[in-house]
Amino acid sequence: MLINSAWCLVHDSNSIVAKILKAKYFPSTSLWTAPAYVPKSAFWASILSIRHHLENHVTIQLIEGNTSIWNQPWCPIWKEMHARLNLEQNEYLIPSKVSELWITNSKMWDTNKIITLFGQQTLNILLQIHPIAGNGPDILCWKPASNGICSSKSAYRVLATEETMTRPPAGVPLQVVQILRGVWADKTIQPRVKTFAWRLLRLALGTASRVHRIISAINENCSRCGNLEDEKHLFFECSYARAVWFASSIGLRTDALSSSGRGIHTQIATILQQGQSQASAGMIFSIMWCLWKSRNDHRFNNKDWPIARVLHEAKAIDRAYDMGLEEDAISDHNHRIIPNANCVKNFL
Ligand SMILES: [Zn+2]
């Protein structure tokens, strides 16, 4: 959506918003070259942070050549044009628009002028670019869409293939990505358990130690035992968590789990790799989610869940979706029968 917003700003630069932003953040240049190191609003900061995505996927169709040479993404080397400019020549005035690099009244690149101003290498690159016949201003195009318009949908598709499919986000351990991919693809896991797994593995869960780092008034210790509460403690090391795992159908001794680095993906991967039939990803994350819920109830409502309750709920959550899917299948079947019966009746 941000890419689409940035697109609207460059595509319709006469809109009020575009004019205000230009006046404030880049009065003498363009969105493409607007400086990032200035005090700015959250919106403008967001636009700047995704600007490169837009830039990587746009092209400018040169028709009239009214595009600025210096601050528009009109050729692969547009950002280097300043550096390439030969300031020692005095044969030509410094051009400002692309059409000034064309032979007058044509759309042919003026080879002498380009070589003198920017050098042979630049000319070789520009000769690959073919201006379009016809009249009218140059057109900014979003390359991934056949109509050249950047919609949120199209931008999302581009990012989804680029960012998540081919390259995991920087700084996320491969093991985390692998577990999450497995969880995401598992149709027997409820969406809310998946979301919990995602928050847990991407270190976004509001554990006491994490919240304490932001709000120091919040107690960073486990409400049950008083030790520092991070993921490792909460889900595997606290005696309460250890009792839950040991009593579960997995019968796990969490003190035997190896642990390393930040987060708890190593432990989760170890449990998954042990390959017990009871230790499905769905069951593991259901238990962890119930541990989290019981922790919240203990911390905020002063309620102490018996171990059996954690396991009972986890089991119910893990099984509910399987049964839900079965029920869906049955009701689908019924639905198919009813319209058919009506059809038959209508025919009769
Ligand atoms: Zn504890």
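1. Let's start with a pair of residues: Q61 stands opposite I139 in β2. Strand β1 (residues 58–61) runs antiparallel to β2, and four bridges join them. Two strands count as paired if DSSP finds at least two bridges between them. Please keep in mind that this is a predicted model, in which local features need pLDDT of at least 70, side-chain atom pairs count only at pLDDT 80 or more, and totals for chains, interfaces and linings use all residues. Residues are numbered from 1 along each chain as its sequence is written.

2. Now follow β2 itself, residues 139–142.

3. Stepping back, the protein chain has 15 helices and two strands. Helices (H or I, at least four residues) and strands (E, at least two) are DSSP runs, numbered from the N terminus. Of the 348 residues in the protein chain, 25% are buried.

4. A helix pair deserves a look too: the axes of α8 (residues 174–185) and α9 come within 10 Å and cross at roughly 175°. The axes are lines fitted to C-alpha atoms, for helices over the stretch in contact, and angles run from 0 to 180 degrees between N-to-C directions. The two helices α8 and α9 are therefore roughly antiparallel to each other (the term applies to angles over 145 degrees).

5. Which residues of α8 and α9 meet? From α8 come V176, I179, L180, V183 and W184, and from α9 come K194, A197, W198 and L201. This contact of α8 with α9 has eight nonpolar residues, no polar ones and one charged. Nonpolar covers Ala, Val, Leu, Ile, Met, Phe, Trp, Tyr, Cys and Pro; charged covers Asp, Glu, Lys and Arg; the others, Gly among them, are polar. Residues are in contact if their C-beta atoms, placed from the backbone, lie within 7 Å.

6. Finally, two loop residues. Most residues other than glycine have a negative phi. N105 is not a glycine, yet has a positive phi of about 60°; N105 sits in the loop between α4 (81–84) and α5 (111–118) and is exposed, with 6 other C-beta atoms within 10 Å. L203, also not a glycine, has a positive phi of about 55°. L203 lies in the loop between α9 (191–201) and α10 (208–214) and counts as partly exposed, with 16 C-beta neighbours inside 10 Å.

Key. A residue is buried if 20 or more other C-beta atoms lie within 10 Å of its own, exposed if 12 or fewer, and partly exposed in between; C-beta atoms are placed from the backbone. Angles under 35 degrees count as roughly parallel, over 145 as roughly antiparallel, 65 to 115 as roughly perpendicular and the rest as oblique. Two residues are in contact if their C-beta atoms, placed from the backbone, lie within 7 Å.
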